Amino acid sequence: MENLKESLIEFDLPKRARACYQCGACTGGCPVGRFRWDFNPRRFIEMIVRGQLEELIRKPTIWLCSHCLTCLERCPQQIEVSEIIMHVKNASAQRGYAPENDVKMADRIMSRGWSEEPIKRMLKKRNNLGLPEPAPGIGAEELEALASSLDWAAKMETFKRRETEVREADSETDGNPAE
Amino acid sequence: MTENYEYCFFPGCLIRARLPHIEKSARLVLERLGVELSELEGASCCPNPIYFRDLDHEAWLTLAARNLSLAEKPIMTLCSGCYSTFRDAEHALEKSAKLRHKIGEHLDRLGRKIPSGSRVEHFARFLFEKVGPAMLAEQVLRPLKGLKVVFHPGCHLVRPSRIHEFDDPDNPTKLEELVWALGAEVLEYPRKMLCCGFTVMGADRDLSLRMGFEKLEIMKDSGAQAVVLVCPSCMVQLDRNQRLIEQEFDTELSLPVFYLTELIGLALGESPDDLGLGLHLVNVRPLVEELLGAEEGRDSDVPRVRS
Amino acid sequence: MVDAARHPKIELMTYSEVKKCEGYVGNFRVTIEHKPRYVRDSCNACRDCLDVCPINVPNEFDFGLSYRHAIYQPFAQAVPSTFVVDSKSCIHCYKCVDVCNPQSVDFSQPVREEVVEVGGIILSTGFDVFDPSALSEYGYGRYDDVITGMDLERLLDPGGPTKGSLTRPSDFKRPDRVSFIQCAGSRDRNYNAYCSGYCCMASLKTAIHIREKYPDVEVAIFYMDIRTPYKGYEEFFTRARKAGVIFIQGKPSEVAPSGQGENLLVYAEDRDQGRPVEWQTDLVVLATGAVPSAGTHELSSIMSASLDETGFFREYHPKLRPVDAPTEGMFFAGASCGSKDIPYSVAQGSAAAARASRVLMKDRLLIEPIVARADAALCRNIEKKCGICATRCPFGAISVQAGEAAVIHSAKCMGCGTCVAECPTGAITQAHFHDLQIHAQIQSHLQRSPEDKILSFMCWWCSYPGADNAGVNHLQYPASSRGIRVMCAGRIKRDFVLEAFRRGAGMVLVSGCHPQDCHYLTGQHYAEKRMSAMPRRLEKMGISPERFRVEWISAAEGAKYARVITEMHQTLEDLGRDRIRKENEAALPELDKRLAHIPYLIISHLE
């Protein structure tokens with residue numbers, strides 16, 4: 001909780017969020033919101049303005065944001081909606097709500113330097129195309145130093161935990177609209 | 001080309017691991033246009049502007065700053081995601097002394113310094129701003145006459161417009177001029193900036209495919225023969241996942257997807273095999289053969305000039 | 001308009017522009033350029049020339065929805081009815097000359113300049129409509145069937161391009177579904193941050209009109225808020241709902257072709273239902289707001305009438321003097337100062353006329369006696385380009401020509417004294433508030449036990465009455481303050497503050513109006529800037545910076561004045577007399593040096 005407030009403040013976001021007059025331009029153009037009515041950026045900002053941060057962090061649907069930045073471009077109050085959701089995701093991650101894929105990828109990046117490694121077949125294809133070997137990446141030592149400096153192990157622990165409470169499904173309109 | 005450009009090459013994780021043909025076409029085209037690409041050693045994932053950034057801002061910014069600090073020359077990236085990470089990181093560090101200090105402490109422990117200024121270039125922007133459609137047209141040996149395509153700009157090259165300040169964030173047309181310069185025709189289609197949905201895959205596979213389907217459907221309805229794009233994530237979603245989408249929604253799309261550098265490569269006379277076009281999941285062979293004539297479409301000899 | 005043209009005491013000059021404006025209230029000299037119509041007044045508007053003119057250009061009056069010829073009448077009811085030739089598009093084929101019966105077409109007409117002498121000026125230059133091409137997400141300019149509210153007005157006007165029939169531009173058919181998008185480019189920090197105030201009513205009007213004339217046409221209005229204050233407007237909103245207009249609260253994100261013919265889709269969130277919608281429509285109408293009319297910027301320089309941050313003219317005070325310009329004798333009416341609707345504009349028209357007639361009714365006008373005067377002998381502008389005084393004056397009272405001394409027009413001077421304080425050579429003096437007078441007051445206040453005293457500089461309009469307010473309310477505060485009143489905080493020179501410390505003052509307060517409330521518009525702003533470096537400067541001289549304060553106190557804030565003096569007195573006591581004396585002594589040589597340019601001070605100090 002503290003971290004979310006802090007990180008929002010660090011990036012100067014709560015003050016901007018207060019300017020929101022709930023016009024709905026963000027939700028109106030959201031490519032995710034079209035298919036998932038329980039993903040409503042306007043409502044997320046409303047929750048921030050009303051101080052309902054705890055509830056917002058626990059909403060699993062915030063992870064559906066594709067960060068296409070349409071809302072950010074459309075907002076007449078220049079509120080960086082997508083940015084704010086990114087920070088909410090950070091706080092949500094610390095409660096263990098992050099999708100497994102994200103956590104696994106982060107693990108790969110911090111332990112091996114890359115989000116994925118080329119498989120043998122791909123290396124062969126690279127060779128066939130006459131491409132040079134991929135340049136050597138960050139060394140193991142430096143990765144360790146980085147992880148240690150960022151206190152990464154502790155962070156990973158928080159990402160992997162799951163809260164004991166039952167995760168609430170967001171209520172408003174369940175599921176997808178009729179096609 | 002009279003100018004000589006020097007960049008540190010940063011293909012990004014996805015291209016490096018899964019899309020060697022894109023790296024190939026990019027290297028070929030950039031080098032043909034006078035760009036000297038040096039290898040960037042010791043780099044890591046940019047890191048991923050969605051899947052990593054959404055877990056921890058501090059770690060994301062630190063890794064990004066570290067990558068930027070490695071580059072002795074400006075970085076040329078092939079991926080809109082990497083471009084987004086680097087530009088957002090530069091912007092955040094520029095705006096906040098507090099962040100500079102905090103991230104600086106991490107970099108200190110690695111014996112590195114906080115980078116300053118803007119040192120990143122997206123290959124497509126480079127092609128438009130530094131090479132330009134006119135110069136590109138002069139280099140074309142094999143105009144792609146008769147090819148009708150649609151351009152998918154992707155979300156992170158033009159947005160956020162306040163940071164990138166490149167083209168209209170709702171209807172960008174600059175990069176399309178590069179495709180016109182190759183002799184092809186770029187078709188209009190509605191909702192050009194609609195997100196392909198790749199980034200949602202981690203959270204909801206069905207939703208992601210649904211978004212990809214909508215995008216592909218709209219593009220197909222425009223009458224285009226192919227899609228052109230500039231981001232490997234979009235490439236994976238629209239090319240690699242196209243069959244999945246076809247299956248999921250019981251439809252036939254068969255819409256070839258090209259990276260901008262691949263089309264340029266073809267127009268500059270490179271052979272489809274040299275460009276690695278066989279590595280596309282959606283078969284581009286029929287279209288390429290139609291474009292270049294059956295013989296040329298198949299072999300990798302020295303390209304011939306087409307009138 | 002015809003009545004105005006016929007009135008014996010009204011001279012209507014059309015197709016004319018103001019090029020220069022000199023003088024002052026009651027005595028303005030305005031240079032007007034009359035552009036040639038190339039058609040004489042003998043024109044009887046018979047329209048024979050229209051039949052022969054080969055040129056077709058978009059008709060501005062119809063916002064490009066129809067064409068006009070190079071020789072034309074702006075609209076049917078134009079006054080005068082004389083036609084005009086658009087010289088930019090005319091190809092000089094002279095067919096109109098040949099066909100004109102009264103032989104009114106005359107291409108030899110020259111540009112005419114005329115100087116008129118007037119007592120008062122009213123600027124009612126109106127507004128232009130915002131061009132929504134910049135909103136590329138709505139597709140204005142890309143999709144034929146996305147139009148503006150004004151475009152629609154022309155389509156529905158019986159005298160318009162479709163004779164009042166609701167037609168959509170793409171296929172000239174009647175649309176079945178019309179959608180309005182309110183606040184297009186308005187209330188939007190990316191374009192116009194303000195609300196233009198008329199667009200809600202305008203759209204409601206058109207929506208009701210369409211519903212009443214074409215009952216089977218669906219009309220939807222996408223809005224953020226419906227703003228219908230004042231007389232009759234709320235009832236009008238009710239009428240719109242009863243007429244079956246569909247209201248959807250949700251600002252649309254974009255408009256895109258639906259893929260079926262020319263039809264469009266509006267993407268928005270329907271907030272009432274809490275979900276996104278793709279609204280099918282045949283015609284999209286963007287309700288766009290007002291922007292300053294073209295040429296406002298140039299006119300602002302010509303008339304010395306400043307603009308506010310939105311680019312509209314700045315009235316003297318938006319609530320208390322809404323039709324007055326800062327310059328005496330100049331007035332505003334209507335949307336020139338900011339978007340307004342019809343009742344508001346009409347009321348302002350009457351108001352401006354009344355205000356202007358006050359000037360005209362008298363033979364002599366009483367002007368401000370507390371005016372500034374520039375001494376040509378001391379003015380720096382003669383040798384080296386300066387002109388600072390002119391830039392500080394919000395009333396345009398100072399003119400500075402290259403190589404000449406600044407000239408202050410006493411009829412335009414409102415007496416704030418800001419130019420006096422800003423002049424780098426001290427060349428400007430102010431009647432009744434001469435530096436000598438102020439220094440005499442400083443000296444007199446600090447004659448005995450100066451280190452026990454708080455010297456307060458206060459402005460006539462706000463902080464002095466604020467202090468007075470404290471007294472009237474019997475608010476208690478220490479008796480250590482001694483006040484010096486000036487007309488405006490802008491008058492307060494740095495020298496006064498330094499002289500106060502040189503005379504041994506314990507504390508110095510500079511006070512004035514709150515920002516935005518300054519009676520002279522910008523005096524407080526310059527005072528604030530001028531005093532901003534003072535604490536650091538004092539500190540360098542060894543004077544504790546907390547002995548100097550700047551406060552903005554309104555006439556109602558007696559309590560604030562009392563609090564400030566109480567706090568300053570506390571500081572005075574905390575520092576103690578000894579320390580204050582020591583600091584003053586230590587700073588004396590530096591202060592003497594800095595004030596050495598004021599001759600009478602040195603003399604009095606030697607006494």
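This is a predicted model: local features need pLDDT of at least 70, side-chain atom pairs count only at pLDDT 80 or more; totals for chains, interfaces and linings use all residues.
Author: Happy to, starting with a term: two residues are in contact if their C-beta atoms, placed from the backbone, lie within 7 Å. By that rule, the contact between chains B and C takes 6 residues from chain B and 5 residues from chain C. The residues on chain B's side of it divide into 1 nonpolar, 1 polar and 4 charged. Here Ala, Val, Leu, Ile, Met, Phe, Trp, Tyr, Cys and Pro count as nonpolar, Asp, Glu, Lys and Arg as charged, and the others, Gly among them, as polar.

Reader: Thanks! How many residues of chain B are in contact with chain A?
Author: 52 residues of chain B are in contact with 52 residues of chain A. On the chain B side, α1 (13–18), α2 (20–32), α3 (57–70), α5 (97–109) and α11 (205–221) each supply at least two residues. That side divides into 24 nonpolar, 12 polar and 16 charged residues. Helices (H or I, at least four residues) and strands (E, at least two) are DSSP runs, numbered from the N terminus.

Reader: And chain A itself, how many helices and strands?
Author: Chain A comes to 11 helices and 0 strands. Of its 179 residues, 44% count as buried. A residue is buried if 20 or more other C-beta atoms lie within 10 Å of its own, exposed if 12 or fewer, and partly exposed in between, with C-beta atoms placed from the backbone. Among contacts in chain A between residues at least 6 apart in sequence, 72% join residues at least 24 apart.

Reader: Which domains is chain A divided into?
Author: Domain 1 (2–93) and domain 2 (100–160); the bounds come from an automatic or database domain assignment. Their C-alpha centres lie 30 Å apart.

Reader: What about chain C's domains?
Author: Chain C is divided into domain 1 (2–119), domain 2 (128–291), domain 3 (372–429) and domain 4 (433–606). Taken over C-alpha atoms, the centres of domain 1 and domain 3 of chain C are separated by 41 Å.

Reader: Let's switch to sheets. What is the strand order in chain B's open sheet?
Author: The 4 strands of that sheet run β2-β1-β3-β4 in chain B, with parallel pairing. Two strands pair if DSSP finds at least two bridges between them. β2 (35–39) and β4 (120–122) of chain B stand at the edges with a single partner strand each, so one side of each is left without a neighbour in the sheet. In chain B, β1 (residues 5–10) and β3 (residues 75–77) pair over 3 bridges, and Cys8(B) stands opposite Ile75(B) in β3(B).

Reader: Which strands does helix α6 of chain B lie across?
Author: Helix α6 (residues 123–131) of chain B lies across β1, β3 and β4 of chain B, at about 85° to β4(B). Axes are lines fitted to C-alpha atoms, for helices over the stretch in contact, and angles run from 0 to 180 degrees between N-to-C directions.

Reader: And the open sheet in chain C, what order there?
Author: There the order of the 4 strands is β25-β24-β26-β27 (chain C), and the pairing is parallel. The twist averages 20° from one strand to the next. Strand β26 (residues 507–512) of chain C pairs with β27(C) over 5 bridges, with Trp552(C) in β27(C) as the bridge partner of Gly512(C). Helix α16 (residues 558–575) of chain C packs on the sheet, touching β24, β25, β26 and β27 of chain C.

Reader: Where is the hairpin in chain C?
Author: β14(C) and β15(C) form a hairpin with 6 residues between them, and Gly259(C) in the turn has a positive phi of about 90°. The two strands run antiparallel, joined by 4 bridges. Ala256(C) has Leu265(C) in β15(C) as its bridge partner.

Reader: Last one: which residues have the most contacts inside the largest nonpolar core?
Author: Val149(B), Val227(B), Val228(B) and Leu263(B), in a core of 189 residues. A nonpolar core is a set of buried Ala, Val, Leu, Ile, Met, Phe, Trp, Tyr and Cys residues joined through C-beta atoms within 7 Å.

Note on methods
Residues are numbered from 1 along each chain as its sequence is written. Chains are lettered from A and ligands numbered from 1 in the order in which they are written.
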